[in-house]
Amino acid sequence: MKIELTVNGVVRTLDLPPLVRLLDVLRGPLGLTGTKEGCGEGECGTCAVLLDGEPVNACLVPIGQCDGRMVVTVEGLAVDGAPGALGRAMAEHGGAQCGICTPGMMISAEALLVARPAPSAAEVRHALGGNLCRCTGYERIVDSVLRAAAARRGAGEVGP
Amino acid sequence: MSVADLARYELAVPRALSEACALLAARVASGEPTLLCAGGTDLLVELGMAPPLAAGARPPLCVDLSRLPELRAVERLERDGARIRIGAGVSYLTLGRHELVQGALPLLARMSHDIGGPTIQARGTLGGNLATGSPAADGVAALAAHDATVVLTSVRGERRVPFAGFQTGYKRSVRQADEIITAFELEPLAPGSPWCWRKVGARQAQAISKVAFAAVAELEGGRARRFGAAMASMAPVTATLPATRALVLGTPLADLDGEALDRAVAADTSPIDDIRSTRAYRAHCARALARGFLRELGAAV
């Protein structure tokens, strides 16, 4: 099936079996290995990407449903090739340890911060409810997102 | 796991409901197996966990329902007593944010925030939740509490089924193979009326309910003139609690007896021990949730 979609701002044309998972297309033919596979069944949020601006689990999205749509992966959150406020806050404030859940956490946080530039801690927790971390616990991740939100407001930085 | 088999499936992408119905009718008439896919949050998991396909086997055709505009609308039906029609393909994320839903069906909006997490809410749909037939489906308990009408569409036209008549057994329903669940029609809750959504799970997000309780009520003169309630994970189908409803509707709230309420709830449910919970804990939760809501309504139970 011919599929044309925009990934991180670049139009990509693919010819693939339609039920192949978006996750496998990103990590395989598109070479975007920032998105990780965790459980593969929608439980952990590790493979989260933005689909038309909404956070989804790429392991549960058939590529055939992505024709004409816009995907943003963790690579797309970079600003001029370097981590944006979210990535910096995760690194600087202990939000990332082993790093496997971090891309999904950042995607869910990005979706939140676009809609709510000044979220409460409770709103951050709700937004990250579908993302599991087995290393740090959640305090430092929530803290990192709140710090990134403050930095973005201060710097006038906006998401992609 | 047979994720590799996903590469062997074909996907039909109809752009209008009539096209989808015609395709489904033709498939059913020729006896060819067909799968329907809305948000894919159950289907992709099931296909991934299914045993590997035999070497020469042709997998069922998958029909994509996500491009059908007819399944995506939320509207007030002015011609029909201001009932609200919700497309079966509306995502939980949209449902939870929708102004009309928040105002007229607050239980439905609140429940939508408790489905999986935001990544599941962005893809999961009410229609899919009902179609897969899980008795643990939170969205379906909310539909049942509102006595929603299920709208089924096929080449033969539209058919309306009251919720109480839709499910016929564990993962079985009156839906015919050529019918698509297209919408739900719900009676708005009178402004300011009490409602309850409680989900008991291992954690707040990403947990399948041990028990979920959905209820709405409209009160007048010390009685409930409207009382709808349902429970998930308490029976082989969504429990619609007929004895409990009859007791509450037939008794002035001040006269309602707690033990009689417990007996009605017990008669309406048949909880089991499974991986998520125990029969005893579920029965306890069911009694406590029903009593809790009735206390909110003013009953001394």
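**Figure 1. Between domain 1 and domain 2 of chain A, 3 residue pairs are in polar contact, both residues of each pair being at pLDDT 80 or more.** The structure shown here and in the following views is a predicted model. Strand E3 of chain A (residues 48-51) gives the most to the side of domain 1 that touches domain 2, contributing 3 residues. The number of salt bridges found across this interface of chain A is 0.

**Figure 2. Extent of the contact between the two domains of chain A.** The domain assignment places residues 2-76 of chain A in domain 1 and residues 82-155 in domain 2. The centres of these two domains, taken over C-alpha atoms, are 21 Å apart. Domain 1 of chain A brings 14 residues to the contact and domain 2 of chain A brings 12 residues. Together the two domains of chain A bury about 930 Å², with 71% of this area coming from carbon and sulfur atoms. On the side of domain 1 of chain A, Thr46(A), Leu50(A) and Val74(A) account for 40% of the area buried against domain 2 of chain A, more than any other three residues.

**Figure 3. Contact between domain 2 and domain 3 of chain B.** Chain B is assigned three domains: domain 1 (3-64), domain 2 (69-186) and domain 3 (195-296). Taken over C-alpha atoms, the centres of domain 2 and domain 3 of chain B are separated by 21 Å. The contact joins 23 residues of domain 2 of chain B to 26 residues of domain 3 of chain B. About 1,900 Å² is buried between these two domains of chain B, and carbon and sulfur atoms give 61% of it.

Figure 4. The side chains of Asp138(B) and Lys199(B) form a salt bridge, with an N to O distance of 2.7 Å. On the side of domain 2 of chain B that touches domain 3, two or more residues each come from helix H5 (106-112), helix H8 (138-145) and strand E8 (167-169) of chain B. Helix H8(B) supplies the largest share of that side, namely 6 residues.

Figure 5. An open sheet of 3 strands runs in the order E11-E12-E13 (chain B), with antiparallel pairing. Its edge strands are E11 (195-200) and E13 (223-232) of chain B, each of which pairs on one side only. From one strand to the next, the twist averages 10°. Strand E12 of chain B (residues 211-220) and E13(B) are joined in the antiparallel sense by 9 bridges. Ala217(B) has Phe227(B), in E13(B), as its bridge partner. Helix H8(B) lies across E11, E12 and E13 of chain B and runs at about 160° to E13(B).

Figure 6. Thr149(B) is placed opposite Glu185(B) in E10(B).

**Figure 7. Interface between chain B and chain A.** Chain B places 34 residues in the contact, and chain A places 33 residues. The two chains bury about 2,500 Å² between them, of which 58% lies on carbon and sulfur atoms. The count of salt bridges between chain B and chain A is 0, whereas 9 residue pairs are in polar contact, with both residues at pLDDT 80 or more. On the side of chain B that touches chain A, the elements giving two or more residues are helix H2 (43-49), strand E3 (61-64), helix H3 (92-97) and helix H6 (118-121) of chain B.

Methods:
Residues numbered from 1 in each chain as written. Chains lettered and ligands numbered in written order. Predicted model: local features only at pLDDT ≥ 70, side-chain atom pairs only at ≥ 80, totals over all residues. Heavy atoms only, no water. Pairing = 2+ DSSP bridges. Helix = DSSP H or I, 4+ residues; strand = E, 2+ residues; numbered from the N terminus. Domains from an automatic or database assignment. Contact = heavy atoms within 4.5 Å. Buried area = accessible area lost by both parts, 1.4 Å probe. Salt bridge = Lys/Arg side-chain N within 4 Å of Asp/Glu carboxyl O. Polar contact = N/O pair within 3.5 Å; in protein donor to acceptor, adjacent residues only side chain to side chain. Axes fitted to C-alpha atoms, helices over the stretch in contact; angles between N-to-C directions.
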